[in-house]
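The following paragraphs lead through the structure, from the overall form of one chain to single residues. Please keep the sequence and the 3D view at hand while reading.

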Amino acid sequence: MFHTYVLVCGGTGCDSNHSGEVIETFKSKIKEAGLEDEVQVVATGCQGLCAKGPIVVVHPGAVYYQEITPAKAAVIVDEHIVKGRVVDKYRLTEETADESGSLSINDSNFYKQQVRIALRNCGLINPEDIREYIGTGGYEALGKVLTEMTPDEVIQVILDSGLRGRGGAGFPTGKKWKFASGNRGKVQKYVCCNADEGDPGAFMDRSVLEGDPHSVLEAMAIAGYAIGADQGYIYVRAEYPIAVKRLKIAIKQAEEYGLLGDNIFDSGFNFRIELRLGAGAFVCGEETALMTSIEGNRGEPHPRPPFPAVKGLFQSPTILNNVETYANIPEIINKGAEWFSSMGTETSKGTKVFALGGKVNNTGLVEIPMGTTLREVIEDIGGGVANGKKFKAAQTGGPSGGCIPYTYYDIPIDYENLKSIGCMMGSGGLIVMDEDTCMVDIAKFFLEFTVSESCGKCTACRIGTRRMLEILTKITEGKGEMEDLDKLEYLAKYVQANSLCGLGQTAPNPVLSTLRYFRDEYVAHIKEKRCPAGVCKALLRYEIDPDKCKGCTLCARNCPVNAISGEVKKPHVINTAVCIKCGACMDNCRFGAITRK
Amino acid sequence: MKSLAELKAIRESMQGQIGLRSEDDDTTKIVVGMATCGIAAGARPVLNELVKDVNEKGLKNVVVEQTGCIGMCEYEPIVEVFEPGKDKVTYVRMTADKADEVIEKHIIGGKPIADFTLSKVDI
């Protein structure tokens, strides 16, 4: 019988910070102390606070330790595990709100505003042990559905809950299921899961798959029962090795327990799930391309209609939902539609998971009720903009989304509000940008991404995005003209209107939203040949102030291209024709004589 | 898996493991002093017995925790019970058998055992 549990985060973020070695250290040290039968070490999914990883939580007491190394793990075993003395110096440093000195992380700013539904088990259970999932009430929703509810009742609950697709577009999940529900038992149907998370900086779906894979399997089986399908496919990218491994284990265990397979809960319902690994093409996150790829063909989209609910995978009615959408389903079945729809705003119910990244202190994974403001997410949960800089914009929706400027810092986050300001919810990437970020450069970054990820099937996307990128490159190199902005806008609208699939239709969004809110930056690049944020290298110029320069030669010695010349104890000069603008001279100058313009 | 009852049986059997990881405000805490002094005086069997009892009896909202030395090494093993809204009760010179009694009479029965507390022990 175990009296103490050491939960070590085994998500990708912490894993890349060597949490694997930390787990090994805990295990061997605990064995050394002869406590292997009393203390259990559990590798969990993502705890959320990736910035402070590897995270270790010791229960009972829910004591959070941050940035744990194997050496620190050894100390924790000696002190906390063996002697019961919490090692304060390794504890999470964030101030807890509870004055009584509560050790519970739930009182910290990072967690207290969060409502974890999709992430309910992430960081709490061992994702590789189905019994732990069952221990939290797992598969009870499936049991309830199969033994007590009709398929139409299931669809009604999902409709009533107001759940909308968490993959980006926000289509009501219940409606999708309803469209595919005709002719149950007469035709072959499929349930697919979109785990092809491709937005740069987004890792919500990965974390759910790594931390709680069974919730997705359970929800897919529920969906299968609702529409009358007996086969499911999870399309997951091969770049997520930990997620793939845990999914495989989860499917195998569910089959062993008879929770997948034939005659589940003695109801006559059969359901199987197979994995399909994607090679990481962004376009395969688009539903028609994803299904084409599962069929074994090159991942290219095709026009809709027919919609997948009518004619999808292998020409059969198919529903495709995103990982996070599925993760909500068992909780909705267990707790009811009313419970779920009591959270959120008028049109957007429940919660949303965001991968908080960029220039913010608490990089990590957060789940907030819909309607939370951007300010709360960044200032309270995120701990504010990093290094005390000023907030400039937040980017949501990745290459398909847009930027939210400071003007809308207090806008409640939901599908409609974000859309109304030219942005989108997207799958949940939330990148914070500070005053040192050049918005033209950001637009260019996302466009570079879509250009390389465009599948090339339709002309508008293949050529249109490339031409747009060329114009942006021209502007960042200081060769832009004012009419370029009109061309850019015209092209953007053309690509939006004429592309075949969502990739092309949304690719211009980063450009359009930055043009809308940060047009002055574009103008500064073009008219003044100046990058206000000091990012675009071609527009930078380093200069030495002759009055401040002491002629110490330090800059000249550090210049990698020998662009600086001058005699000892006399002011030096930079040859701008040779200078590569690396900034090494400025970093090394002890007299503040070098300025960047 | 043939029935919900079968599933619930697995859930029950996991309650001890999973329940420990989620605490809320109405949780009763049984804290065992596990510093060098406590361990030397025999705190480990006491701790294990408490954990075993809580699990076997399926007690909800009860967690067994460890703490360090509280200063009265002479009276170890010391076990303290914190019930929400009540004064804490400190038991001294505990043994595994006494632990069983504390679970039975105090945690389940709701009546602290005065005989095991500091006031009743000869100083």
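Chain A has 24 helices and 18 strands. The model is a predicted one, and every value below is computed from it. Along the principal axes, the C-alpha atoms of chain A fill a box of roughly 90 × 65 × 40 Å. The radius of gyration of chain A is 27 Å, which agrees with the value near 25 Å that a compact globule of 597 residues would have. Of those 597 residues, 55% count as buried. Among contacts in chain A between residues at least 6 apart in sequence, 71% join residues at least 24 apart.

Chain A is divided into five parts: domain 1 (4-112), domain 2 (130-272 + 286-340), domain 3 (351-434), domain 4 (439-527) and domain 5 (541-596). Consider domain 3 and domain 4 of chain A, whose C-alpha centres lie 22 Å apart. Here 11 residues of domain 3 of chain A are in contact with 15 residues of domain 4 of chain A. On the domain 3 side, β12 (391-396) and β13 (402-405) of chain A each supply at least two residues. Of the elements on this side, β13(A) gives the most, with 3 residues. By class, the residues that domain 3 of chain A presents to domain 4 of chain A divide into 6 nonpolar, 5 polar and no charged.

Domain 3 of chain A spans 351-434, and A:Ala386 is found in the loop between α15 (374-381) and β12 of chain A. Is A:Ala386 buried, partly exposed or exposed? It has 16 other C-beta atoms within 10 Å, so A:Ala386 is partly exposed. Leaving aside neighbours within four places in sequence, A:Ala386 is in contact with A:Lys359, A:Val360 and A:Asn361. The C-alpha atoms of A:Ala386 and A:Asn362 are separated by 8.5 Å, although these residues are 24 apart along the chain.

The next topic is helix packing. Two packed helices are described by the angle between their axes and the distance between the axes. For helix α17 (residues 439-453) and helix α21 (residues 509-517) of chain A, the angle is about 170° and the axes are 8 Å apart. Angles over 145 degrees count as roughly antiparallel, and α17(A) and α21(A) are therefore roughly antiparallel to each other. From α17(A), the contact is made by A:Met439, A:Val440, A:Ile442, A:Ala443, A:Phe446 and A:Leu447, and from α21(A) by A:Pro510, A:Val511 and A:Thr514. These residues divide into 8 nonpolar, 1 polar and no charged.

Helix α13 (residues 323-335) of chain A is largely enclosed by the rest of the structure, because 11 of its 13 residues are buried. The buried residues of α13(A) include A:Val323, A:Tyr326, A:Ile329, A:Ile332 and A:Ile333. A:Glu324 and A:Glu331 are also among the buried residues. Just after α13(A), A:Gly336 takes a positive phi of about 100°.

Some backbone details remain. Most residues other than glycine have a negative phi, and most peptide bonds are trans. A:Lys581 is not a glycine either and has a positive phi of about 60°. A:Lys581 sits in the loop between β17 (573-574) and α24 (584-588) of chain A. With 18 other C-beta atoms within 10 Å, A:Lys581 is partly exposed.

Cis peptide bonds come next. The bond from A:His59 to A:Pro60 is cis, with omega near 0°, and A:Pro60 lies in the loop between β3 (56-59) and β4 (63-65) of chain A. The peptide bond from A:Arg304 to A:Pro305 is also cis, with omega near -5°. A:Pro305 lies in the loop between α12 (287-294) and β9 (318-322) of chain A.

Finally, chain A meets chain B. The contact takes 30 residues from chain A and 28 residues from chain B. On the chain B side, α1 (4-19), α3 (43-56) and β2 (62-67) each supply at least two residues. Which element of chain B gives the largest share? That share, 8 residues, comes from α1(B). By class, the side of chain B that touches chain A has 13 nonpolar, 9 polar and 6 charged residues.

Definitions and conventions:
Residues are numbered from 1 along each chain as its sequence is written. Chains are lettered from A and ligands numbered from 1 in the order in which they are written. This is a predicted model: local features need pLDDT of at least 70, side-chain atom pairs count only at pLDDT 80 or more; totals for chains, interfaces and linings use all residues. A residue is buried if 20 or more other C-beta atoms lie within 10 Å of its own, exposed if 12 or fewer, and partly exposed in between; C-beta atoms are placed from the backbone. Helices (H or I, at least four residues) and strands (E, at least two) are DSSP runs, numbered from the N terminus. Domain bounds come from an automatic or database domain assignment. Two residues are in contact if their C-beta atoms, placed from the backbone, lie within 7 Å. Ala, Val, Leu, Ile, Met, Phe, Trp, Tyr, Cys and Pro count as nonpolar, Asp, Glu, Lys and Arg as charged, and the others, Gly among them, as polar. The radius of gyration is taken over C-alpha atoms; the globule rule is 2.2 Å times the number of residues to the power 0.38. Axes are lines fitted to C-alpha atoms, for helices over the stretch in contact, and angles run from 0 to 180 degrees between N-to-C directions. Angles under 35 degrees count as roughly parallel, over 145 as roughly antiparallel, 65 to 115 as roughly perpendicular and the rest as oblique.
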